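Welcome, and thanks for taking a look at this one. Here is a short briefing to read alongside the sequence and the structure.

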Amino acid sequence: MAPFLLRRLGYLLCLVVISTSVAYLLAATQLRPRARYEGRNPPPPAAVVDATLDALNMNDKVPVLTRYRRWAGGLLRGDLGRTIDNQPVNAEISRRMWVSLRLVLVGAFIGTFLGVAAGAYGAVKQYQWSDRLLTVFSFVVLSIPAVVLGVLFKNAGIGLNNALGFKLLYTTGEMTPGMDPLSWAGLVNRVAHLVLPSLVLIVIAIAFYGRYQRNAMLDVLGSDFLRTARAKGLSRSRALITHGLRTALIPMATFFAYEFAMLFVGATFTERLFGWHGMGEYFVQSVTKNDVNSVAGVTLFVGVLVLIAGFLSDLAYAALDPRVRV
Amino acid sequence: MNTPGTQDTEPTAYQPPLADASLLPEEEASSRLQLVWKRFLRQRLALVGLVVVALLFAVAYLSPFISPWQYNQLDFNAFLEPPGGSHWFGTTQNGFDVFALTMRGMQKSLVIGLLGALMATALAATVGAFAGYFGGAVNTALVTLIDLLMVLPAFLIIAILSPSFRGHTWLIFVGLLAAFQWMVTARIVRGMTLSLREREFVHAARFMGVPGWKIIFRHILPNMASLLIIDATINVSSLILAEVGLSFFGFGVQPPDVSLGTLIGDYAGAALTFPWEFYFPAGLLVVLVLAINLVGDGLRDAFDPNTQGRA
């Protein structure tokens, strides 16, 4: 099993290198950091602009491959370069990373778990009302853009607060300013802020996973090995869970890595709508500010996220499918 | 992204019946179409979807002739007016008519969806079939291209490229959307081509000296017509959704052009105070996408009644 996992890790690493490099090269050639300095009033002398851009490694007069080499060299030493406002990208990312991760991880794990459960249940109860409900739910949710879903949840939360007469759920920021983040009250406050934005991601993940899990489970339900399991005397639920669900989960593991990338994009929307200062917001700002190094930094972050998710799904794959372990 | 489940076997979620439509007499070919059409008509939801799409299409393009206000007209006597009177969907803060804006946006979204879907499906069919039919170096090059594009995070890449198409035509944006939408289908097409390539009618054509590209377009792709039609339909709705996401952040359609995405982006903040600004474009968008998805689902069942449930 170790060689399999090592091979997969190498492969995933290659993918991250490729996608981050392409993103860097595109950002370095398409974004115009010079415009940000030349547009100042009074316009600084050309030599000053060049010197500043050189220091940031964003001078478009330097060949792009030279800039890429300098950036990649810094990356190997763990240095992502400096933002267009001359702040270290590393500091910015480490400050914002957990804000987004909180959203994405909660969404991914709760959403995947509930989605798998709902999908499997729907397949077992095929064409009964619970199955139809799930099918309609997935169909409708996957037809609504994440933005609209976010606005709906936000306004529903505000409506709920108004109906209750006190603030149960918060709709802006990740915590009320001035609260002690380590105290019990601070923790409760954080959770009250987290509920609505992560609910958006959870709902999307349930719709996505539920739909595929249902189909995978339906394929398994008619199989011979399930009948054999029943014939040897296993109870229906035992046979369905240890033999049916386990097999139906194998193709699902593949989707896990996809789901992470999808949820990151989803988190970009919820961050904007709910006023969280995470990686999604950082990315949008960086593109608008022509901040090449920050854009590359966020792409690397997403790449690593997908790498970890991909590796986790390989682990799950190896654990579920005995053929891999041979 | 390649994971062990999909590495060696091509995804074969959908297998159409292998009848060579191009070789059948005219009559039989048309009777197959009739059969599919009849099966489609039997599905009430899909039919409702089709009617809704057709209606929205008609309303979007006919509205300039029936609406008292145009999308670029300001009404200085009606700022932030709720729906009613001559402003059917109300007005915005500047006095724009929300109905006219929404219809204008829907026109753009529909065009983006249809055009992009056609491009994506055509690209998928061509690349997949060439890779599968010719094999060898062509196959290696095209499969590498497919894998590479699948690795890139589409949303981030299009956002990075957005400053470079600002001020240019929105067609570049449609092309970019399509460029990140075709890879999965191309893999399926490639897998199907691999098996079609060994069939007698393809051999016969090859031995008669028909060039490869002609065989692909005359004999191989017509055999996948059902897959391609379904794929194009599903692509329309995914492209409309992708456009909304990118335009929300200003990475998609650029002003002065209006799309459902830019409207949703501009008025998402007003959803609570001036709901008509947000809920009309957003609601119509959801109805449109739902209807297209229903049609896609119905087509899938009509072309292949053996598929279980909804993939």
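In which loop of chain A does A:Asn57 lie? A:Asn57 sits in the loop between helix H3 (46-56) and helix H4 (64-76) of chain A. Please keep in mind that this is a predicted model.

**Chain A overall**

- Chain A has 14 helices and 0 strands, so the pattern along its sequence, given the way elements are assigned, reads α-α-α-α-α-α-α-α-α-α-α-α-α-α.
- The C-alpha trace of chain A spans about 85 × 60 × 40 Å along its principal axes.
- Chain A has 326 residues, and 42% of them count as buried.
- Among contacts in chain A with a separation of 6 or more, 73% come from residues 24 or more positions apart.

**Where the chains meet**

- The contact is made by 45 residues from chain A and 38 residues from chain B.
- Elements giving two or more residues to the side of chain A that touches chain B include helix H1 (2-30), helix H8 (184-221), helix H10 (236-253) and helix H13 (292-320) of chain A.
- By class, that side of chain A has 33 nonpolar, 10 polar and 2 charged residues.

**A look at H10(A)**

- The 18 residues of H10(A) should span 26 Å at 1.5 Å a residue, and the end C-alpha atoms are 24 Å apart, which agrees.
- H10(A) bends by about 35 degrees at A:Leu245, and A:Leu245 is one of the buried residues of this helix.
- Other buried residues of H10(A) include A:Gly244, A:Ala248 and A:Pro251.

**Backbone details worth a look**

- Most residues other than glycine have a negative phi, and most peptide bonds are trans.
- A:Asn57 has a positive phi, near 60 degrees, and is partly exposed because 19 other C-beta atoms lie within 10 Å.
- A:Asn86 also has a positive phi, of about 60 degrees, and lies in the loop between H4 and helix H5 (89-124) of chain A.
- A:Asn86 counts as exposed because it has 9 C-beta neighbours inside 10 Å.
- In chain B, the peptide bond from B:Pro255 to B:Pro256 is cis, with omega near 10 degrees; B:Pro256 lies in the loop between helix H11 (225-248) and helix H12 (260-267) of chain B.

**A buried loop residue in chain B**

- B:Phe96 is in the loop between helix H3 (44-66) and helix H4 (98-134) of chain B.
- B:Phe96 counts as buried because it has 24 C-beta neighbours inside 10 Å.
- Leaving aside residues up to four places away in sequence, B:Phe96 touches B:Leu74, B:Thr91 and B:Leu101.
- B:Phe96 and B:Trp69 are 27 residues apart in sequence, with their C-alpha atoms 8.5 Å apart in space.

Conventions:
Residues numbered from 1 in each chain as written. Chains lettered and ligands numbered in written order. Predicted model: local features only at pLDDT ≥ 70, side-chain atom pairs only at ≥ 80, totals over all residues. Helix = DSSP H or I, 4+ residues; strand = E, 2+ residues; numbered from the N terminus. Buried ≥ 20, exposed ≤ 12 C-beta atoms within 10 Å, placed from the backbone. Contact = placed C-beta atoms within 7 Å. Nonpolar A, V, L, I, M, F, W, Y, C, P; charged D, E, K, R; others polar. Expected span 1.5 Å × (residues − 1). Bend = angle between axes of the 7 residues up to and from the residue.
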